[in-house]
Amino acid sequence: MELAMRTSMLLLVAIVILNVSMTDGKKDRNRCRHLSRKVSKCIRKGYEPRMLTQEMLEGCKINPKDLKKNIAMKCAMQEKRLSLNTCSPLCKKEKTTPPDNCPKKTVQQCTSQPGQVFYRGMMLPIFYTGISTMEACVEKCRNVAGCVAVIHVPKQARCFTKNERHNPLSPDIHPSRTAYSLEMSCLEECQN
């Protein structure tokens, strides 16, 4: 009886330890994701990291700017917290670009069929008004940090900019509007 009781207790302790260690892994991933977003946002604002390794910053475009003292201090704190964790690199490695001698795809070639849009990945402001052409919408995206895709609604002259967290093209849930989408990386591809 006593042996069965000890075995049960050991099994219970092992289950608790295993559960705690699995939960900690998930917490670590969430913590890394949260801190990475905060530090990435600081870098986009013009913060120049000082504690992170080159490996962590690989692929990041860092354009240092003068920041208000309180913002710089907050960014430094976030960077310190991130450096104390074992997180994956902040920025995705840049895609290799095709040779410059190939003719690149045009806006028309990269524009989706009507009614196909990218959900999620919204940026602020949610949309820009007075953008009457897809070319103007693409130009707006080029001037917005972090923009990787656009949705253009010509009838309303609206341009929606999207970040890298957008979903793949999907049918538009607003059938009353005609929307066109474009992923900016398509404009770097060679024409076939």
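A residue is taken as buried when its relative accessible area is under 20%. In this predicted model, Cys 137 has a relative accessible area of 0% and is therefore buried. Cys 159 likewise has a relative accessible area of 0%, so Cys 159 is buried under that cut-off. These two residues are joined to each other by a disulfide, with an S to S distance of 1.9 Å. The pair links distant parts of the chain, 22 residues apart: Cys 137 belongs to helix α5 (residues 134-142), and Cys 159 belongs to strand β4 (residues 158-162). The disulfide between Cys 137 and Cys 159 is right-handed, because the torsion about its S-S bond is about 80 degrees.

Of the 192 residues in the chain, 30% are buried. Among contacts with a separation of 6 or more, 74% are between residues 24 or more positions apart. The accessible surface of the chain amounts to about 13,700 Å², and carbon and sulfur atoms contribute 56% of this area.

A search of the whole structure returned five disulfides. One of them joins Cys 42 to Cys 75, with an S to S distance of 2.1 Å. This pair also links distant parts of the chain, with Cys 42 in helix α1 (residues 2-45) and Cys 75 in helix α3 (residues 69-84), 33 residues apart. The link of Cys 42 and Cys 75 is left-handed, with -90 degrees about the S-S bond. Cys 42 and Cys 75 are both buried.

A further disulfide is formed by Cys 141 and Cys 147, whose sulfur atoms lie 1.9 Å apart. The torsion about the S-S bond of Cys 141 and Cys 147 is about -110 degrees, so this disulfide is left-handed. Cys 141 has a relative accessible area of 2% and is therefore buried. Cys 147 also counts as buried, because its relative accessibility is 12%.

The second largest pocket has a volume of about 190 Å³. Strands β1 (116-118) and β4 are the elements that give two or more residues to its lining. The residues that line the second largest pocket are Val 117, Phe 118, Tyr 119, Arg 120, Met 122, Ile 151, Phe 160, Lys 162, Ile 173, His 174 and Arg 177. By class, this lining comprises seven nonpolar residues, one polar residue and three charged residues.

Pro 175 is located in the loop between strands β5 (169-171) and β6 (180-183). Residues over 50% relative accessible area are taken as exposed, and Pro 175 counts as exposed because its relative accessibility is 76%. Along the chain, Pro 175 and Gly 115 are 60 residues apart, while their C-alpha atoms are separated by 7.4 Å.

Key. Residues are numbered from 1 along each chain as its sequence is written. This is a predicted model: local features need pLDDT of at least 70, side-chain atom pairs count only at pLDDT 80 or more; totals for chains, interfaces and linings use all residues. Side-chain values use heavy atoms; hydrogens and water are left out. A disulfide is a pair of cysteine sulfur atoms within 2.5 Å. Helices (H or I, at least four residues) and strands (E, at least two) are DSSP runs, numbered from the N terminus. Buried means under 20% relative accessible area, exposed over 50%, partly exposed in between (1.4 Å probe, protein chains only). On a 1 Å grid over the protein atoms alone, a cavity is a set of points where a 1.4 Å probe fits but cannot get out, and a pocket is an open set with protein on both sides within 12 Å along at least five of seven lines; lining residues have an atom within 4 Å of a point. Grid points are joined across faces, edges and corners, and a volume is the space filled by probe spheres set on the points. Ala, Val, Leu, Ile, Met, Phe, Trp, Tyr, Cys and Pro count as nonpolar, Asp, Glu, Lys and Arg as charged, and the others, Gly among them, as polar. Contact means heavy atoms within 4.5 Å. Accessible areas come from the Shrake-Rupley method with a 1.4 Å probe; for residues, only the protein chains shown count as cover.
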